[in-house]
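Visitor: I have a model open and would like to learn how to read it. Could you take me through it, one feature at a time?

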Amino acid sequence: MTTVESEKATKRTATPVKAFKRWGRKSPFVRYGLPMISLTVLGSIGLAQLLQGSKDIAKVKDDQEWEIIETRKALSRTGPVNAYKPKQISLEDELKDLQQKVDINNYEYKKIPKPN
């Protein structure tokens, strides 16, 4: 191989690399901006797919719980089995119960230990 042929061979192999470096220097958007934007967009799409899967699972669980509640309602003529029945509570009764439990006139001081 002559020196001219070897120079041509090195120019052919080195040309694409130099052209790519030159391209990155001429337009920094292609070198830095485009990968950053594509990473952001593809990442958001990937996260949306993952979140959609968890939402689907939660929806299936909610549907199953709803079906159980509806079948319990259907089994009882007067509404759901073991329905919520709140007690009638008055504040005066609660105050009397609390006063019986706690005697505010008879107490003793207790020292609170300090942390080291």
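Visitor: Where does UniProt place the feature "transmembrane region"?

Guide: The unreviewed UniProt entry puts it at residues 32-51. UniProt positions follow the numbering used here, feature names are shortened, and annotations may be inferred rather than shown by experiment. This is a predicted model: local features need pLDDT of at least 70, side-chain atom pairs count only at pLDDT 80 or more, and totals for chains, interfaces and linings use all residues. Residues are numbered from 1 along each chain as its sequence is written, and side-chain values use heavy atoms, leaving out hydrogens and water.

Visitor: What is the chain like over residues 32-51?

Guide: Helices (H or I, at least four residues) and strands (E, at least two) are DSSP runs, numbered from the N terminus. Residues 32-51 are 100% helix and 0% strand, with the end C-alpha atoms 29 Å apart. The protein has three helices and zero strands, in the pattern α-α-α.

Visitor: Which residues form the nonpolar patch on the surface?

Guide: Areas come from the Shrake-Rupley method with a 1.4 Å probe; for residues, only the protein chains shown count as cover. Here F29, L34, I37, V41, L42 and I45 form the patch, with about 580 Å² of accessible area together. I37 lies in helix α2 (residues 28-75).

Visitor: Which residues gather in the patch of positive charge?

Guide: Lys and Arg count as positive, Asp and Glu as negative; His and the chain ends are not counted. Each charge is placed at NZ of Lys, CZ of Arg, CG of Asp or CD of Glu. The positive patch holds K18, K21, R22, R25, K26 and R31. Helix α1 (residues 3-26) gives the most, with five residues. A negative patch is formed by D62, D63, E65 and E67.

Visitor: Is K26 buried or exposed?

Guide: Buried means under 20% relative accessible area, exposed over 50%, partly exposed in between (1.4 Å probe, protein chains only). K26 is exposed, at 66%.

Notes: Patches are made of residues with over 30% relative accessible area and no salt bridge: like charges are joined within 9 Å, nonpolar side chains (Val, Leu, Ile, Met, Phe, Trp, Tyr) within 5 Å. A salt bridge is a side-chain nitrogen of Lys or Arg within 4 Å of a carboxyl oxygen of Asp or Glu.
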